[in-house]
Amino acid sequence: MNHVIASVAALSATVREFQIRRRDGAPLPDWQPGSHIVLRFLAAGGSAFEKHYSLIGVPGQADSYRIAVQREEQGKGGSRCLHDEFGPGSEVEVSGPFNSFPLQPAGPASAAGAAGAAGSAGAAGAAGSAGAAGAAGAAGSAGPAGSSGAARPRVLLVAGGIGITPLVSMAHALAAQQRPFELHYLAHSAGRLVLMEELRVIGQAAKLAARQAPALASIVTHLSQDSGRADLTALLGPYSAGDSFYACGPAALLQALAAAGNRLGWPAAAMHFESFGPRAQQEDAPLTVELALSGVTVEVPPGTPILEALIAADVFVSYECKRGECGSCYTPVLEGEPLHRDVCLTPAMRSTGMCTCVSWAAAPGRLVLEL
Ligand SMILES: Cc1cc2nc3c(=O)[nH]c(=O)nc-3n(C[C@H](O)[C@H](O)[C@H](O)COP(=O)(O)OP(=O)(O)OC[C@H]3O[C@@H](n4cnc5c(N)ncnc54)[C@H](O)[C@@H]3O)c2cc1C
Ligand code: FES
């Protein structure tokens, strides 16, 4: 094991922050906003785990990595093991950092917008408000394009639950680059919010950097316990050239955001998603997949991704993320009705095919694929 846990802190009833250093004390590799590491560790009972965790904090070179791990009661037990068995001095293997969720550099329009914002005199410069319904109301009254009135590109960061982790590093980076952004943090209740103090400090720093300019950072919480489900259509608003959003959270939230973005005219290239992996869908009905070109039939049990069943049956398939984010596993569907669970396909692509890594089929559970 090449790394050691330096410290552990509770961020909420179900989330713990782990700081991880190299055993030899050497500096860790540089990392970028949105990056994650792969952690390998052994449970006391001998089970081996390999889990991915987004890096939080200020991107760059550092002496330690910070990760925030949510305890999942169901599942294979990796997060339970970290919570219950791992403390300061525990050894882990780390590889990475890797980045499948990079923050795109500001385009020409965005840079011009930021410069224009910095140069405009007399505006309020209010930023960094965090809270529940009040803050949500403030953002709503400012309008989705922020309060500048100028046509500056918007960068939206949308987090659902523990999906806040990669967005914290993006918020740090955007504030450091003086690029205006809105962070929307969706959670069930205030007790589930984590890293709020860090977000407040980012908001304050952005406010100071902006001085007389319009707000650089707007940080808004949406608590479903208080105000029901967030209105994603209002949150995104219509697309303008140069706008982009980055969303991380439960698959259902990401799918709803993708659908809202499609309805509002957001191009696929402006919508960036990272999920923390598909949830096992044990409630799905069993599925028969017939491959028209090879004449093979594959029975897929609930909870097994179609892609995995195809790989196990020695079918040649392309894939990359296995989380419905990249489209590499897209396969034309000749018969049957897919249940789409990806966050990357356009409506036109969905009408002719599916991502086999996450999607399933409606009753009667039969698909004919062009494979
Ligand atoms: C790029 C990336 C970054 C990530 N970053 C983070 C991060 O910053 N913080 C974090 O906490 N996690 C993160 N994750 C997720 C993390 O890697 C683990 O998946 C997570 O800790 C859960 O591991 P587990 O072994 O406890 O559960 P897993 O077995 O991996 O379960 C994953 C999910 O499926 C659900 N599930 C599994 N089986 C069932 C079932 N039978 N019925 C219902 N639900 C089920 C679990 O409740 C859980 O929500 C990230 C994942 C990726 C891919
Ligand atoms: S492998 Fe990336 S969407 Fe399926």
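Author: A salt bridge is counted here when a side-chain nitrogen of Lys or Arg lies within 4 Å of a carboxyl oxygen of Asp or Glu. Side chains of opposite charge can pair when their charged atoms come close. A search of the whole structure finds 17 salt bridges. The model is a predicted one, in which local features need pLDDT of at least 70 and side-chain atom pairs count only at pLDDT 80 or more, while totals for chains, interfaces and linings use all residues. Side-chain values use heavy atoms, with hydrogens and water left out, residues are numbered from 1 along each chain as its sequence is written, and chains are lettered from A and ligands numbered from 1 in the order in which they are written.

One of these pairs is formed by E91 and R23, whose closest N and O atoms are 2.1 Å apart. Because E91 belongs to strand 6 (residues 91-98) and R23 to the loop between strand 2 and strand 3, this pair ties together parts that are 68 residues apart in sequence. Helices (H or I, at least four residues) and strands (E, at least two) are DSSP runs, numbered from the N terminus. With a relative accessibility of 37%, E91 counts as partly exposed, where buried means under 20% relative accessible area, exposed over 50%, and partly exposed in between, for a 1.4 Å probe and protein chains only.

A second pair is that of R66 and E198, whose side chains meet in a salt bridge at 2.7 Å, N to O. R66 sits in strand 5 and E198 in helix 5 (residues 196-210), so that distant parts of the chain, 132 residues apart, are linked. Both partners count as buried, R66 at 19% relative accessibility and E198 at 16%.

A further pair joins E182 to R154, with 3.7 Å between the closest N and O atoms. Since E182 lies in strand 8 and R154 in the loop between helix 3 (133-142) and strand 7 (155-160), the pair ties together parts that are 28 residues apart in sequence. As for shared partners, salt bridges join E17, R66 and E198 into one network.

Strand 8 (residues 181-187) also holds H184, which counts as buried at 4% relative accessibility.
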